[in-house]
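I opened my notebook to look up a few residues one at a time. My plan was to note where each one sits and what lies around it.

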Amino acid sequence: MQIEHLDLGGGLGIRYSTEKPPAAEDYVNALCGQIGRRKQRVLIEPGRALVGNAGLLLTRVEYLKHSPHRNFAIVDAAMNDLMRPTLYGAYHEILPVTAKNDGNEKTYQIVGPVCETGDFLGHDRELALSEGDLLAVMSAGAYGMSMSSNYNTRTRPTEVMVDGDQFHVIRARETLEQLTAGETIPAWRAPGL
């Protein structure tokens, strides 16, 4: 058997915060410099570099909880909608959709409603927040829907594509009926009943 191609994966990164990933051309040149001249076709998978920063997770602040030691913003999105922060502590920038310049910034833990220690989208974010505010969790394009789940019987959110001043629903929000459609209740009786 002869090897026809080399798949070098998807190592080309994106900017989440202050990172400076290389330009695609520089990345490919560095790879080619390492593997030398080959007759096999060389493939890379630039998926997140193409769509990572093209998507965001929009979430609403449901409740603010203040304590002497920490402030929490409980939002309607959860770890099942964007798993990376919970799974391996990944950083995603979190921005208010409407910025406030009222001088009331506090350090917030941005957490979901699943009631698990790991249900967070971001730690220690300096934001001026009120209940009802919309937040944009950035760089979710390559990860949101592809890594989402129905954990805790949560339905996946709507996916919307924005094109200039137009928007299109490209995937409707799941319903509880869809979530439970494949389930059945077995016809059995407990002993003694």
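I started with threonine 153, which lies in the loop between H4 and S9. The model is a predicted one. I looked up the backbone angle there. Threonine 153 has a positive phi of about 55°, although it is not a glycine. Is threonine 153 buried or exposed? Its relative accessibility is 53%, so threonine 153 counts as exposed, since exposed means over 50%.

I then turned to serine 139. Serine 139 is not a glycine either, yet its phi is positive, at about 60°. I found serine 139 in the loop between S8 and H4. Its relative accessible area is 4%, so I wrote down serine 139 as buried.

**Salt bridges**

How many salt bridges does a search of the whole structure find? It finds three. I reminded myself of the general idea: side chains of opposite charge can pair when their charged atoms come close.

I took arginine 154 and aspartate 81 to begin with. They form a salt bridge, and their closest N and O atoms are 3.1 Å apart. Arginine 154 lies in the loop between helix H4 (144-147) and strand S9 (159-163). Aspartate 81 lies in the loop between strand S4 (71-75) and helix H3 (84-88). The pair therefore ties together parts that are 73 residues apart in sequence. I checked the cover too: arginine 154 is buried, and so is aspartate 81.

My next pair was lysine 100 and aspartate 133. Here the closest N and O atoms of the salt bridge are 2.7 Å apart. This pair links distant parts of the chain, 33 residues apart. Lysine 100 is in the loop between S5 and S6. Aspartate 133 is in the loop between strand S7 (120-127) and strand S8 (134-137). Lysine 100 has a relative accessible area of 26%, so I noted it as partly exposed. Aspartate 133 counts as buried because its relative accessibility is 17%, and buried means under 20%.

Then I looked at arginine 156 and glutamate 174. Their side chains meet in a salt bridge of 3.1 Å, N to O. This pair also links distant parts of the chain, 18 residues apart. I placed arginine 156 in the loop between H4 and S9. Glutamate 174 sits in the loop between strand S10 (166-171) and helix H5 (176-180). Both arginine 156 and glutamate 174 are buried.

**A polar contact**

I moved to asparagine 71, in strand S4. Which side chain does asparagine 71 join in a polar contact? I found histidine 66, at 2.9 Å. Asparagine 71 has 14% relative accessibility, so it counts as buried.

**Surface patches**

I looked for charge on the surface. Asp102, Glu105, Asp124 and Glu126 gather there in a patch of negative charge. I followed up aspartate 102. It lies in the loop between strand S5 (94-96) and strand S6 (106-111). Its relative accessible area is 42%, so aspartate 102 is partly exposed.

I also found a nonpolar patch on the surface. Leu8, Val28, Val42 and Ile44 form it, with about 240 Å² of accessible area together. I picked out valine 28, which is in helix H1 (residues 24-35). At a relative accessible area of 33%, valine 28 is partly exposed.

Glycine 47 lies in helix H2 (residues 47-51). It is partly exposed, with a relative accessible area of 37%. Glycine 47 and glycine 9 are 38 residues apart in sequence. In space I noted 9.6 Å for them, C-alpha to C-alpha.

Glycine 112 was my last stop. It lies in the loop between S6 and S7. Why does glycine 112 count as buried? Its relative accessibility is 10%, and the cut-off for buried is under 20%. Glycine 112 and valine 61 are 51 residues apart in sequence, and their C-alpha atoms are 9.5 Å apart in space.

Note on methods. Residues numbered from 1 in each chain as written. Predicted model: local features only at pLDDT ≥ 70, side-chain atom pairs only at ≥ 80, totals over all residues. Heavy atoms only, no water. Patch = residues over 30% accessible without salt bridge, like charges linked within 9 Å, V, L, I, M, F, W, Y side chains within 5 Å. Areas by Shrake-Rupley, 256 points an atom, 1.4 Å probe, with all protein chains shown as cover. Salt bridge = Lys/Arg side-chain N within 4 Å of Asp/Glu carboxyl O. Lys, Arg positive; Asp, Glu negative; His and termini not counted. Charge placed at Lys NZ, Arg CZ, Asp CG, Glu CD. Helix = DSSP H or I, 4+ residues; strand = E, 2+ residues; numbered from the N terminus. Buried < 20%, exposed > 50% of the residue type's maximum accessible area, 1.4 Å probe, protein only. Polar contact = N/O pair within 3.5 Å; in protein donor to acceptor, adjacent residues only side chain to side chain.
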